[in-house]
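Let's walk through part of this model together, one question at a time. Have the picture open as you read.

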Amino acid sequence: MADIKLIATSTFGLESIVKNELIHLGYTDVQVSDGKVTFTGNEEAIVRTNLWLRTADRVLLQIGEFEAYTFDELFEKTKTLPWEQWIIEDAKFTVVGKSVKSKLYSVPDCQAIVKKAVVEKLKQKYHVEWFHETGPEYKIQVSILKDLVTLTIDTSGAGLHKRGYRTKSVEAPLKETLAAALVQISYWNKNRRLYDFFCGSGTIPIEAAMIGRNIAPGLGRSFACEAWPQINKEIWKKEKAKAFQAIDQNSQIKIFASDVDPNAIEIAKENAIEAGVDDCIYFEVKDAKKIKIEEPYGILISNPPYGERIGEEQEVAKLYRTLGNIFKNQDTWSVYILTSVENFEKLYGKKADKKRKLYNGRIKVDFYQYFGSKPSH
């Protein structure tokens, strides 16, 4: 099959991280726009990116893109696209959609028209009037932005943040894709000590350990496109075998994770076992306000409480001041804090070297970065 246009979707603010991951995987024709990174590849690329992308939300197969200002135009242009190359006769397919700043603003109508157009095209191909929809699933997405229609099929199924290791979680857990991004943005590498004083269900330490061990994040789960006959089963076998061979079992990774909640630590331990990285992480029940720094050149990456509930603001303000005091004279430490608290720098007592706007779910947050000196060896 000729080159396929693919889209790796992402949370706002992580597009450049997804781009770097794609380049690292060997893809050069990479285009970045808000919330997505477009690239070209083949069936192998669909498998490899689903297995390896740590910070993308999904991998979409782009079937076509065109401008449409009327429902007739949407129907006719959708119908001309090569749906039969991917959607088999007994396929189960649904259509989801969104429309922003476009003349065709009724999403339910757009979804219905796209579904009807695809059905008409498949009728021509398979010479049938009725489809049983008992086969593999194909989720079509219609996205309209400023009258530009992009039609895709979701290859991932469940979002790529669902790695399969999180059997339990704490309230308001950090998404795995965002946690992986925080680690990749930081100065951490597998030869340095990493700390998380607010580890919750262990997402940041686990994602860091998986990066350090070079474990493909998709190895423990399945994908919608695994059931598609267009992607040879041998490609899946080959790519999964290569991913298993790529795991680094020898590096001595040292990650220290603590939380004031004993239940969170128990959950984090279980999740680390599921992810296969429990030997990399030392978990401890500890109040962050009582932490004493005893060695140089550490890296802290944490997602502390934001004080979203009524009455928590003062407690959180006190916590951030204490953190600032802990690290006041620790010039060799690099500190990375994700929070929605807008006056964090004032509370912490120091202006960040760098600040990055991100989203934790629907909450607008900033990633405050304080760079310590690096070890000489």
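Q: In this predicted model, which residue of S12 is the bridge partner of Ser-302?
A: Start with the two strands: S11 covers residues 299-302 and S12 covers residues 334-339. They run parallel and are joined by 4 bridges. Look across to S12 from Ser-302 and you land on its bridge partner, Ile-337.

Q: Which strands stand at the edges of the open sheet of 7 strands?
A: Read the order across the sheet, which has mixed pairing: S10-S9-S8-S11-S12-S14-S13. An edge strand here has a single partner strand, so one side of it is left without a neighbour in the sheet.

Q: What angle does the direction of H5 make with that of S13?
A: H5 packs on the sheet, where it touches S11, S12, S13 and S14. Compare its direction with that of S13, and you get about 170 degrees.

Q: How many residues in the contact of H5 with H6 are nonpolar?
A: The axes of H5 (176-185) and H6 (203-213) come within 8 Å and cross at roughly 65 degrees, and the crossing is right-handed. H5 brings residues including Ala-179, Leu-182 and Val-183, while H6 brings Ile-204, Ala-208 and Ile-211 among others. Set aside the 2 polar and 2 charged residues of this contact, and the nonpolar count is 7.

Key: Residues are numbered from 1 along each chain as its sequence is written. This is a predicted model: local features need pLDDT of at least 70, side-chain atom pairs count only at pLDDT 80 or more; totals for chains, interfaces and linings use all residues. Side-chain values use heavy atoms; hydrogens and water are left out. Axes are lines fitted to C-alpha atoms, for helices over the stretch in contact, and angles run from 0 to 180 degrees between N-to-C directions. A crossing is left-handed if the near helix is turned anticlockwise from the far one by less than a right angle, and right-handed if clockwise. Contact means heavy atoms within 4.5 Å. Ala, Val, Leu, Ile, Met, Phe, Trp, Tyr, Cys and Pro count as nonpolar, Asp, Glu, Lys and Arg as charged, and the others, Gly among them, as polar. Two strands pair if DSSP finds at least two bridges between them.
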